[in-house]
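Biologist: I am new to reading protein models. Could you walk me through this one, a feature at a time?

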Amino acid sequence: MTKICGDASRFATSALHGYSLIHGDLVRMVRGGVVRSNPGRTGKVVVVVGGGSGHYPAFAGYVGPGFADAAVAGDIFASPSTQAIHNVAKQADLGGGVILGYGNYAGDVLNFGIAAERLRAEGIDTRVIATTDDVASADADHAEIRRGIAGDLSVFKIVGAAAEAGLSLDEVEAVAKRANRNTQTFGVAFDGCTIPGAGEKLFEVPARRMALGLGVHGEPGIAEEDIPSPDVLAGVLSERLLAEAPSDGRRRAAVVLNGLGSTKHEELFVLWEALELKLREAGVTPIAPLVGEYVTSLDMAGCSLTITWLDEELERFWRAPVETAALHHAEIVGEPAAFVAVEEELPVECAAATSQEGQNGGRCVADAMAHLADALAAHEAELGHIDALAGDGDHGQGMTRGSNAAAKAARQAVERRAGAGTVLRIAADAWADRAGGTSGALWGAGLHAFSGALDDEQRPDDAQLTKGARAALETIMRLGGAKPGDKTLVDALVPFVETLEASLQAGQDIIAAWQAGSHAARQAAEGTRDLLPRLGRAKMHGARSKGHPDAGALSLALCVETIGDLLANAATRTTPEAA
C-alpha cells in the first residue's frame with residue numbers, strides 16, 4: 001500500500017502541487033493540470049497531453065520545450081474531466097491550434113472529445129490523437145481499438161518536437177497519426193498495484209509468475225506464465241512487436257523499455273542487454289533507446305517494450321532536443337554504436353608445468369575448487385539468510401559467484417597444463433574479481449597467499465598445505481584487521497590452522513590433521529552465536545546477530561570440511577593421478 005498518502009481523495013492533487021513546486025522553472029499549476037512556465041512563441045501549435053494520475057512521469061513530467069505545452073491530470077487511473085481539459089488547453093493556447101493527446105480509453109475519449117468540441121466552438125482549432133499501441137488489447141486488423149500505454153511517450157515526444165519545429169496544425173496532426181500507426185507496445189506484470197488509501201492490490205500475480213499483456217490502470221493481463229530468464233523474456237516482449245514491423249523494410253526504430261513502478265533500473269538494464277541483442281539480430285537498429293520509468297502504474301511490478309518504426313522525419317523529431325523534468329537532452333546526432341559483447345572473466349594466461357607430477361598437482365587444485373563451488377552453491381540460501389540477520393544478505397551469493405569463477409578459471413589453467421601454485425593463484429584472482437565485497441577480497445587474498453606455498457612441479461604435500469594455510473591466515477588477519485572474537489571468518493580460521501599444525505606435529509597424517517582442524521573450525525563457527533560483531537557493516541546491527549552464527553565463519557568451516565572430505569576420498573583411490 002502507499003505509505004505516504006494523507007487524504008487519499010486529494011492524493012493526485014497533492015502530488016501534482018508538490019511536483020509543480022519542485023519544477024517551477026518548467027511548469028506552473030493551473031486548475032486541472034500544469035502548463036509551461038515559459039510558453040512557446042505566439043502562433044505555435046500547442047500539444048496538451050493527459051489522462052489519469054498514477055503514471056508519473058506521464059503526463060506532467062513531459063511538459064517543457066521540445067515536448068508538451070501542458071498536461072491534464074485526472075484522479076488516480078481516472079480520466080480528467082471535460083472542464084479540466086478545456087481549462088488547461090485554454091491556458092496553454094498560443095493561437096496556432098491545439099493537439100489533445102491521450103490514451104485510447106473510454107473515459108479519456110469521451111472527455112477529451114467533448115473538450116475538443118468546446119474549444120472548436122470558441123474558435124480554437126483542436127485535433128485529438130488517441131494512442132493505440134497496446135498489441136495485447138486487439139489484433140493488428142483492429143489496431144484502431146487498442147489501448148494506449150507506454151507508446152504515449154514516443155508518440156507525444158515526436159508530436160511535441162514537430163510542434164516545436166514550427167509545423168502547422170495539419171502537419172503536426174499528420175505526424176501524430178503516422179507516429180501512432182508505427183508504434184506498438186507489449187508488456188508483462190510481476191505483481192499488481194495499490195490505489196492510494198487502499199489496503200489491497202488491484203490484482204495479485206502468483207509468486208514466480210508473470211501476467212502477459214498488462215494495462216496501466218491495474219488491469220491484470222490476458223494470460224500468465226512462469227517468469228523466464230532475461231533472454232527468454234526479451235523474446236516474449238519483442239516477438240509480438242517484430243511481427244508488426246513495416247512491410248517496406250524499415251528497421252530503424254525508437255525503442256523504449258519501460259518500468260511500471262517497482263521494477264528497478266538495474267533489472268531493466270539486465271533485460272536490455274538481452275533485448276538489444278535480439279533486436280539487432282532481427283535487423284532492427286535502436287535509435288536513442290530509452291530504458292527506465294516513463295509510463296508507470298503506481299507501484300506495479302513489471303515492464304513493457306515499445307517500438308516506434310521510424311522514417312526520416314519521425315527519426316528527426318525523435319532525436320530533437322527536449323527539456324522536461326523527466327526527459328532532457330540535446331539533439332542526438334550520429335549513428336548508434338555497434339553492439340559489443342562484454343568479456344566477463346579475467347583472461348587466463350599461464351605457463352605449463354614441465355613435469356607430469358606438476359600437472360597432476362594442478363588438477364588436484366582444480367578438483368578442490370570445483371568441490372568448493374558445488375558445496376557453496378548448495379548452501380547459498382542458508383548463508384544469505386544468516387548474513388541478512390545483521391548484514392546485507394549477499395554473503396551466500398558472493399561466495400557462490402566467487403567459487404564458481406575460481407573453479408572455471410582453475411579448469412582453464414589446467415587445460416594449459418599449469419601446476420598447483422599457478423592454478424590456485426589464478427583461481428584466487430578470479431574468486432576476488434567475481435565475489436566482490438569484503439569477503440571476496442579477503443578470500444582472494446588468502447587463497448593467493450596460500451598459492452605461494454605450493455610448487456608448480458609437484459603435487460601439494462603436507463608441509464606445503466600447512467604452510468599455505470598459515471600464510472592465508474596471516475594475510476587475512478593483516479588485511480582485514482580482524483581478531484578472534486570479532487565475529488568474522490577469522491573465528492573459524494584461527495582454530496583450523498592452529499589445530500592443523502598441532503595435529504601434524506603430534507604425528508597425525510594430513511588427512512586426520514585436516515579433519516581435526518575442520519572439526520575445530522565448525523565448533524568455533526557455531527560458537528560465534530554468542531558473540532557480537534565488532535567489525536564491518538554487521539557491527540551496526542550487532543544485537544540482531546546475537547544468537548546466530550556468523551555467515552563468514554560458517555562458510556569458512558564448510559570450505560575446510562569440503563577439502564577434508566576430498567582429501568579423505570582421494571586417499572581411497574588406487575591410481576596415482578587420482579590421488
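This is a predicted model: local features need pLDDT of at least 70, side-chain atom pairs count only at pLDDT 80 or more; totals for chains, interfaces and linings use all residues.

Biologist: Let me start with one residue. Where is K44 placed, and is K44 buried or exposed?

Modeller: Helices (H or I, at least four residues) and strands (E, at least two) are DSSP runs, numbered from the N terminus. K44 sits in the loop between β2 (33-36) and β3 (46-53). For accessibility, buried means under 20% relative accessible area, exposed over 50%, and partly exposed in between (1.4 Å probe, protein chains only). K44 has a relative accessible area of 0%, so this residue counts as buried.

Biologist: Which residues is K44 in contact with?

Modeller: Contact means heavy atoms within 4.5 Å. Setting aside neighbours within four places in sequence, K44 is in contact with R36, D69, L94, G96, G97, A163 and E164.

Biologist: How many disulfides are there?

Modeller: A disulfide is a covalent bond between the sulfur atoms of two cysteines. Here the rule is a pair of cysteine sulfur atoms within 2.5 Å, and the count by this rule is 0. For C5, the nearest cysteine sulfur belongs to C193 and is 14 Å away. C5 is buried, at 19% relative accessible area. C364 is in no disulfide either, with the nearest cysteine sulfur, that of C350, 16 Å away. C364 has a relative accessible area of 24%, which makes it partly exposed.

Biologist: Which residues touch the most other members of the largest nonpolar core?

Modeller: In soluble globular proteins, nonpolar side chains tend to be buried together. A nonpolar core is a set of buried Ala, Val, Leu, Ile, Met, Phe, Trp, Tyr and Cys residues joined through side-chain atoms within 4.5 Å. The largest has 63 residues, and F67, I99, L153, I158, V172 and W318 touch the most other members. Several elements each supply at least two residues, including α1 (11-22), β4 (70-76) and α5 (169-181). The most comes from α4, with 8 residues. Another core, of 62 residues, lies apart from this one, and A420, A492, L500 and I510 are among its members.

Biologist: And how many cavities does the search find?

Modeller: On a 1 Å grid over the protein atoms alone, a cavity is a set of points where a 1.4 Å probe fits but cannot get out, and lining residues have an atom within 4 Å of a point. The search of the whole structure finds 2 cavities of 30 Å³ or more.

Biologist: Which residues line the second largest cavity?

Modeller: V49, A58, F59, Y62, F67, D152, L153 and F156 line the second largest cavity, which has about 40 Å³ of space. The largest share of its lining, 3 residues, comes from α4.

Technical notes:
Residues are numbered from 1 along each chain as its sequence is written. Side-chain values use heavy atoms; hydrogens and water are left out. On a 1 Å grid over the protein atoms alone, a cavity is a set of points where a 1.4 Å probe fits but cannot get out, and a pocket is an open set with protein on both sides within 12 Å along at least five of seven lines; lining residues have an atom within 4 Å of a point. Grid points are joined across faces, edges and corners, and a volume is the space filled by probe spheres set on the points.
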